[in-house]
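Dear colleague,

I am passing this structure on to you, and below it I have set out what I found when I went through it. Please have the model open while you read.

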Amino acid sequence: MSQRLIFEVGKPGRKGYSLPKCDVPVRVIDEIVPEEYLRNSDPELPQVSEVDAIRHFTALSRLNYGVDSGFYPLGSCTMKYNPKINEDVSRLEGFSGVHPALPDCAVQGCLELLYKMDLMLAEITGMARVSLQPAAGAHGELSGLMIMRAYHEHNKEEQRKKIIIPDTAHGTNPASAAMVGYEVIEVKTDSRGNVNPAELRQLMSEEVAGLMLTNPSTLGLFEENIIEVAEIVHNSGGLLYYDGANLNAIMGITRPGDMGFDIVHLNLHKTFSTPHGGGGPGSGPVGVKKELVPFLPTPVIQYRDGHYMRDYEQPLSIGQVKSFYGNFAVVVKAYAYIMTMGAAGLRNVSETAVLNANYLMNKLKEYFHLPYERTCMHEFVLSGQTQKEKGVSTLDMAKRMMDYGFHPPTVYFPLIVKEAMMFEPTETENREVLDEVAEILLHIAREVEESPELVKGAPYRTPIGRLDEVKAVREPVLKWTPPRKNNE
Amino acid sequence: MKIPEGIKYSKDHEWVKMEGNLAYLGITDYAQDSLGDIVFIELPAEGDVLASGQPMGVVESVKAASDVYMPLSGTVKKVNNVLLDNPESINKDPYDSWMIAVEPTDASELETLLDHVEYKKLCAKL
């Protein structure tokens, strides 16, 4: 059955509320709001009873698929389970009931949490201090690159206007670099999946501000030459930027700071188990080494004379990057996660995430092409090249996976792998789930051999079938328009 | 995979067809197949002077957005504006879907491009 919009469900005059008689003086809106801001016609709002609204949204929620429903191996997204204790903690009145404009003395607990979170994330990443302001990953990148630019400008090196980014990078990396006015230079990945040090050396110059790197890379591989790479960049005066998308692979085992990175952004909604889908909201803290601390966004949370305070007195700071103090409730949830896991627990998270990925990779590589034959980290990339030669694309197989009840992996990324399928099982899954998923994927590989047309028409068991993706991109319908009334 | 004879190819999967003193440019069958369904394209303006290797436009598919590079240097003389509204014709018929026509700055650059045999070899290696 097709799902009607809530606008199409109601009847004029039907409602789900009853208001008491107004007991305050009535004021006419025209007297309060200037005319140019007033609309001339009534808004087209749904007119439904309470039960209509409840049934509508309950029906929609049943169409939803999330980490709480099942396996969700969307690579480079770290769709791990979000423990419910995080939600309880963030709803404690002392966190949920405060107003951001309250003075420091009235919100000591909140400031203490921000300060301790700052130091814990600094410890995990090997940085000196961390700003919790950026709203999500790409905002963290932008803030980090603004810090990089401010640092070079402070050192009278304004000519550093180029940034080097590998061909495996997340699309946000070049986008963020362009936003701060940098020119992007691409460095190629070698046959083992590493940044090629020889090529990097050639690209480095006094015009290069830095290198943006994800480690492990989006191929799910650890940069084997990271120490050499860091030296090459530092020797020509550049800085190293760490895209923290894949931090879930290394917590408690190694740290970006120890590898030579100067700036790090994290995604609390990936690595630190805060909600990811449906707009999160996210949180993208940015951390820096000691010499870059003066450039961090203000306010910096400080602890002085037994009190926590918001410090705006940072003359070199890039300024405030988000209203108030970032997505505070998200930071509380991530704090709850870190405290629940503890240091040993976080290490265990990464070890299990890496083990799960290797287990699944080794089960699948017999049936799907594995372009980089190495021990993987928390994710791995297969190619659907063999199946494509039989006329079935990675997209078709991804759609077929939905018929078997799980979310497809990331597809067609990274761009350097043909027909890419990028699996990140995370530490959440147990061995039985991974075995079952491997079984299904082998079954789909067999279907490609035996009945390719079946796979090409998938999905069949989802609420709606194959979408016209071209039409969805070219002619998106973003707004409901009421059908014309008879008298119009 | 169609790789017609008599036209030139670049390593970045553009094709070049000379007609009179104009070089017509488009993307190859291999390129459109790798990109998948194309949904938007951006093209340069008439009169733009572009060097070989410079981006001359953008092709966006449901999978990814890619730059299209100049296989040779020249001045843009004609732009196929019809293509802007029907980018899917690149998927259907890549070699009839020319994007721009340029007057080459240096005709000898044409000799540095691949012929159909060389291009076929290149695609086989990918």
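How many residues does helix 5 of chain A have, and what does it reach from its first C-alpha to its last? Helix 5 (residues 108-125) of chain A has 18 residues and reaches 26 Å, close to the 26 Å expected at 1.5 Å a residue, the expected span being 1.5 Å times one less than the number of residues. Helices here are DSSP runs of H or I with at least four residues, numbered from the N terminus.

Before going further, please note that this is a predicted model, in which local features need pLDDT of at least 70 and side-chain atom pairs count only at pLDDT 80 or more, while totals for chains, interfaces and linings use all residues. Residues are numbered from 1 along each chain as its sequence is written, and chains are lettered from A and ligands numbered from 1 in the order in which they are written.

Among the buried residues of helix 5 of chain A are Cys110(A), Leu114(A), Asp118(A) and Ala122(A), where buried means that 20 or more other C-beta atoms, placed from the backbone, lie within 10 Å of the residue's own. Just after the helix, Gly126(A) takes a positive phi of about 75 degrees.

Ala122(A) counts as buried because it has 21 C-beta neighbours inside 10 Å. Leaving aside neighbours within four places in sequence, Ala122(A) is in contact (C-beta atoms, placed from the backbone, within 7 Å) with Met127(A), Ala128(A), Arg129(A), Val130(A) and Gly287(A).

Leu114(A) is also one of the residues with the most contacts inside the largest nonpolar core, which has 113 residues; such a core is a set of buried Ala, Val, Leu, Ile, Met, Phe, Trp, Tyr and Cys residues joined through C-beta atoms within 7 Å. The largest share of this core, 16 residues, comes from helix 11 (residues 328-364) of chain A. Domain 2 (84-340) and domain 3 (344-474) of chain A both give residues to the core, so it lies between them; the domain bounds come from an automatic or database domain assignment.

The centres of these two domains, taken over C-alpha atoms, are 30 Å apart, and their contact takes 19 residues from domain 2 of chain A and 20 residues from domain 3 of chain A.

With best wishes

How values were computed: Contact = placed C-beta atoms within 7 Å. Buried ≥ 20, exposed ≤ 12 C-beta atoms within 10 Å, placed from the backbone. Helix = DSSP H or I, 4+ residues; strand = E, 2+ residues; numbered from the N terminus.
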